[in-house]
Amino acid sequence: MCVDESLERLGSWPHAPFSLDGLCQRFALNLPELHRESGLSEKLLRQNQLQGVVFLIGTVCPARKQLGLARKLLSQGLKIWFYWQDVQVLRPIDDGELKSYWKQWVRAMFYYRFPDWLETWVPFIPRIPSTGSHRYLAVVPRLCAVAEIVNDRLDSITEIQELHFESVQWRLTDRILAELDGDSEFQGVVLFLETESPGSAHMALARAIMARGCRLYLYWPKKSAIELFTETKFKKYGILSRAFSFNSNKVIPVSSEIGEFEIPDMSEWYRGASKWIEGDVLESDADKYNTIIHSPPIYLQKGKSCNFEATMDFVNKSRVSILLQKWGCRVPEVERDIQGEGPLSCSFRYNADADHAFQIVIRNNRPDAAFATKLRNLRVTADISDSLTESPTYLPHWGGVKRWLHARCKESRFWNSVVSALEMRLGREELLSLPQYMALCPTGQCQALCGFCSVTTNRTGIVKKELPFDKLSRFLAPVSRTIQMYGLEGNGEPALYDRFDDLVDVLTMDGAEVYLITNGERLTREQVNLLLARPVSSVNFSLNAATASTHARVMKLKDFEKTVSNIKFLTHNRLQESHPTVSVSFVVTSENIHEVLEFLEFCEDELLADEVFVRPLSELGGLQGVVEDVRELVPYENDVRDMIEGVEAYLSSRPRRSRVTFNAKSFRAIRPDPMDRALYPAGYEGRLLASRPADWQCSDPSLKYSWNQNVLHVERRETSSQELLRSGSIPVERDCDLKFRLRWRLPKGNARMLVVDASGVELGALRLQTASEWQEGELSVATGAHEYLGLRLVADQGALSGEIDFERLRTPGFGVSREFKLPYREHWQVESEGAQVDWEGRRSRVRWQGDPGPYLLGSYSTPCPRDTHLSYQVGVNVRQGELCIGVLDEGSGSWIKVFSFKEGETLGNLEFDTGTNSRLKVVLSSVKSPLDAEVDWGDLLSVPPGYLNQAKEKPSVPHTEALKRPLELTKLEEPQSREEDPRGSLWDRAFKRKPEYYCQKPWTDLNNFTVDGRMDVCCIATGPSQERYALGNIFDQEFQEIWNGERMREFRRTVNTEDKMSPCQRCPMAYSYQGKFFDPERTFDMLWNYFYVRWGWNKDRPLTSKFYSFSRMLFNATVFMRFKKQ
């Protein structure tokens, strides 16, 4: 029998094609046709007529499964051979030989992971030259020429001996290993040296030669001395090579002797599990992850940057991986996936940190093994240049240890993540680590006109510019080896960038991934294929609508169908699920809030998106904090409440096809409902809509009912006629006609849907007759003088079973005749820089040291009834100066009334007429400075919406008692004592303590959202109104002036404290951890998978599953004890 490397396919010979007693020899074995066989190992062990098994070895060392099966077969008395097809070596295996290969496999596992730990070890493949003259390949010291030597004395040499070669005819070549592999008659290599010890390039060549099983000799012509180079001499010469590597006169770099760097021709590459068909088509086997073809050794010099580009034509729809790995090591330095059909290309860059030999490997990487991969016109090219990362980025005052640690961070993404995580936990402001995430704005051009975009609201000349492609090196040079992910986003449409393809190639050359945020309309099929072929982690489409009409109204785009087509093309043409991840986002505004549920269904059922984001409209910020957004696109409070309850009901009522990201607490940009009219969803104007399920009460204990979004399912046994369900109060406008519609399907029984007023008097009824098919009904209701209506479901006598579809449910509002209230404290804004404002419950304290006159604290505009006299009492305590409380009209241009309060405690009476105003605003200012005053607003302040999950308000104390109680609102500069804030037990600190790490971005992110070079910590802190929070300009300043500048240090100093800066206070993405050693889930999974792959742990087993759960809990409670539990 013949078994392949994967132990999934086998073939058989009726008679042995070679001598059963043959020794290790070179043998061109004619392999039988292999076919896939399930349960191959058990089948071999059960064969009675089997005499022996030949294992095909495709790598240097046999795999663990092969060795395990070989041991079982040997124990049954069978003959075993290992056959290396590439070098045509056949080797019989006995127990002793098998034990030696087990040792080699163990050492190989450590060598692949830690190649520097076992520098003296070289994996062994038997190389048996043909009999004949003793021919050797001679190599000059500069590794640029070879010759043939015939000498019979070399076999007897064991130590340094004297030997003189006659004149040698040299010929130029830059492919030494190809010369060695091209002639199987060579028994070894003689390496000529001019120095006392081999250099690092010689050592790399020596490792590759000995890995082929060839003998290697070092020859010094000036002394006529020759020495057999063995494995034991690797350590000796390896140390000398590193010691002399600082002296350029003693070590001659290989690349400088070869000349112009180039990749060997494809005809010189080594085929793996593949074959040439039809002349120029390379066909691999149908295995999932076999090697198709790999290159001869390629030598790179330290400090050089090599740009590789691979082009190929996929004959069939396939996926391959392109790997760059050190010669003799299977752990890739760079790995890229390329997938699709037709001509595709892939680019990547590698910066050599030491002189070494490398190879390029093209490997099949299919999620299934349904058919073979076929490639045509395969070509790999490369060009070499000086590395970008050689530019110094350390600060002048750093010592040797800090510079060394900074250099390690600069060379390794892994260690950069470790150091960055430690620096965040230590609260360091000056970082040794470098950024891990960077967003770039390639262009300010955009064909969309979204009302919520900062570019749309404040257009400048920057919109028409593009990021100069030749200036990218200034962005990338310091961070090209540390950035894990680049983002193409910013204030423009990235797909409009002239050199979009080149930009993606440059960003992904050094191993980083890319995510793209686009509106999708201008995305071409060529760009989509590029995204599929490059290491693009995610593509986010900003859709913001479920229908073409809403899409045009919100984004001012005309081709909704093309955007949808691009999304579907991307999701349907991925060879691997969720690569790249396709997400769709929806920013909720007053123009599209009615389509949120329809949008979720559309994304999950039609677009097949991996993730759906429903995001709030961002609050506007100024230098003093959040400011009121007076735009019409800000949704009303009741619309937001209705949307949140609808989304929560949708998510709980049906299984997920996509991952939906939705945070109700982030919807803080709202405006109060008007007091002069009722609100209706778009498309449902003049409709009486039933309230949501939480607002219904059951009147019949025997009734079984449930809700599925808008559909009510009812079932009742036979009983008398009575009321089954009643809704809560539904606010309506007076003197208007409303339409009430519903559909029903009642296979059993009859019922009536009643419309009643607040006192329960029936205003109309809709008869629901028995029907097995869906029926529709409509009822016209005149509201008259009523402000609230209700619905009641009444069943006739007998059993009842069926469904009632209300078409659209609505969270009840507050009504048009509600009491006037001022906004809750989160909707008050500081009006002047330097004003100190503190809140405690319903009391606000204002302090001011400047000139009298300017507004200090102001409320958002709030609805009020027209032509109404309002009177409210507030508690005022003026400790110093004179306080002014003013009421502004709806345009904030003139006063409705002004109230003045001098020093002392008093109960102020705010009494005024609203006039024709439907909205007003209250402001506080100083008449006499300095000012120190506090106001107890009492019940005049409204309560925040329930979905914000605010803490319950304490009972309001009487005004006179409140004025007597001292108010200490200043920020505490000293930490609280242990008695006031005890640490508690380990359990309390791990699971009950308030999370301290609010944000990681000042330690990991550096972003550019505008093409003028401005750098920001995140998208919340950007924009022309927040120039104070700009980190700097990459075009005008050095990297460290931005990364460790004063503004970035201020973010690091404050973001994880109570005294956060204004952008951090209003950030809707708080506690969003990302990446290794920051995200608890990803970090634990990374460590677990490492052990799972290495030791074969399976967390699906009961015992391992319990250990997995316990380990995760302990890990989160210790390593991530101060992170928010997800």
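In helix H16, the buried residues are Val-596, Phe-599, Leu-600, Phe-602, Cys-603, Glu-604 and Leu-607. After H16 comes Leu-608, which has a positive phi near 55 degrees.

In soluble globular proteins, nonpolar side chains tend to be buried together. What does Leu-1006 touch, leaving aside residues up to four places away in sequence? The partners of Leu-1006 are Pro-435, Tyr-437, Met-438, Ala-439, Met-1015, Asp-1016, Leu-1031, Phe-1039, Ile-1042, Trp-1043 and Met-1048.

One of those partners, Met-1048, leads on to helix H22 (residues 1046-1054), where the buried residues are Met-1048, Glu-1050, Phe-1051, Arg-1052 and Thr-1054.

Another helix to look at is H13, in which Gln-527, Val-528, Leu-530, Leu-531, Leu-532 and Ala-533 are buried. Among the elements covering them are strand S21 (332-351), helix H12 (500-508), strand S26 (513-518), strand S27 (536-542) and H15. How do H13 and H15 meet? The axes of helix H13 (residues 525-533) and helix H15 (residues 560-572) come within 10 Å and cross at roughly 30 degrees, and the crossing is right-handed. On the H13 side, the residues that take part are Arg-525, Val-528, Asn-529 and Leu-532, which meet Ser-565, Asn-566, Phe-569 and Leu-570 of H15. Sorted by class, this contact has four nonpolar, three polar and one charged residues.

Most residues other than glycine have a negative phi, and most peptide bonds are trans. Asn-377, in strand S23 (residues 374-386), has a positive phi near 55 degrees. Asn-377 is partly exposed, with a relative accessible area of 49%. Gln-709, although not a glycine, has a positive phi of about 60 degrees; Gln-709 sits in the loop between strand S35 (704-708) and strand S36 (711-716). Is Gln-709 buried or partly exposed? Its relative accessibility is 23%, so Gln-709 counts as partly exposed. The peptide bond from Ser-929 to Pro-930 is cis, with omega near -5 degrees, and Pro-930 belongs to strand S54 (residues 919-936).

Finally, a word on confidence. The pLDDT of the protein chain averages 80, and 85% of the residues score at least 70. Over residues 457-462, however, the pLDDT is below 50, and this stretch has nine contacts in the model beyond near neighbours in sequence. Residues 950-983 likewise stay under 50 in pLDDT, and the model gives them 36 contacts beyond four places in sequence. Where pLDDT is low, the predicted coordinates should not be read in detail.

Definitions and conventions: Residues are numbered from 1 along each chain as its sequence is written. Side-chain values use heavy atoms; hydrogens and water are left out. Contact means heavy atoms within 4.5 Å. Axes are lines fitted to C-alpha atoms, for helices over the stretch in contact, and angles run from 0 to 180 degrees between N-to-C directions. Helices (H or I, at least four residues) and strands (E, at least two) are DSSP runs, numbered from the N terminus. A crossing is left-handed if the near helix is turned anticlockwise from the far one by less than a right angle, and right-handed if clockwise. Ala, Val, Leu, Ile, Met, Phe, Trp, Tyr, Cys and Pro count as nonpolar, Asp, Glu, Lys and Arg as charged, and the others, Gly among them, as polar. Buried means under 20% relative accessible area, exposed over 50%, partly exposed in between (1.4 Å probe, protein chains only). pLDDT is the predictor's confidence in each residue, from 0 to 100.
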